[in-house]
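Hi,

Here is the structure I promised to pass on. Have a look at it first, then read my notes below.

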Amino acid sequence: MTAVHEQAPRTPPRFVVRTFWLMHRTAYRLTRGGFGLSRPVAGSKFGMLRIRTIGRRSGQARAAIIGYYEDGPNLVTLAMNGWGEKEPAWWLNLQAQPETTVDLPGETRFIRARAATGEEHDRLWAKFADYRGWGEDIDGLASRRSRQTAVVILEPRPAATSVKG
């Protein structure tokens, strides 16, 4: 009898992931936001938003384009950095300063970021399967990391919910 060894799913080499991110941000800038952001469609695809942060060490304005889905008024994403070991800079920046804005197709929202915990984390994690593109085996991909992948909730801020743009 031979033992069956399950392997964690493979991810593209880091330089491929970083090149894709660079190309995506460049296309967004060149088209002045006309390309690069989208709404999620349950059962089909996750959406893309642009999140703005302030660098926790530099104090400089930063922006990243990340995938998300909607859960009521909240936007939900993963702090996964292309399934790499390190936490994404945007998430580290949000932990230091959780209030910011996100750009969506046709609008900017004022949000406050936080990590989901307990049953909420489990419920939201399970919903990622409804949106293709996170990976065929999201649990296998997450197992490659030494820490739990944060499910990040971007909640509308109580003082303002959105500004049309």
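**Strand E3 and its neighbours**

Glu-70 has Leu-75 in E3 as its bridge partner. Before you go on: this is a predicted model, where local features need pLDDT of at least 70 and side-chain atom pairs count only at pLDDT 80 or more, while totals for chains, interfaces and linings use all residues. Residues are numbered from 1 along each chain as its sequence is written, and side-chain values use heavy atoms, with hydrogens and water left out.

Helices (H or I, at least four residues) and strands (E, at least two) are DSSP runs, numbered from the N terminus. Two strands pair if DSSP finds at least two bridges between them. E2 and E3 pair in the antiparallel sense, over 3 bridges. Their hairpin has 2 residues between the strands, and Gly-72 takes a positive phi near 65° there. E3 and E6 also run antiparallel, joined by 5 bridges, with Leu-75 opposite Leu-154 in E6.

How many of E3's residues are buried? It's 6 of 6, where buried means under 20% relative accessible area, exposed over 50% and partly exposed in between (1.4 Å probe, protein chains only). Asn-74, Val-76 and Leu-78 point one way, and Leu-75, Thr-77 and Ala-79 the other. In a regular strand the side chains alternate between the two faces of the sheet.

Now for helix H3 (residues 118–127): its buried residues are His-121, Leu-124 and Trp-125. They sit on the same side of H3 because they cover an arc of only 105° around the axis, taken from the directions from the helix axis to the C-beta atoms. Glu-119 and Asp-122, on the other side, are exposed.

Cheers
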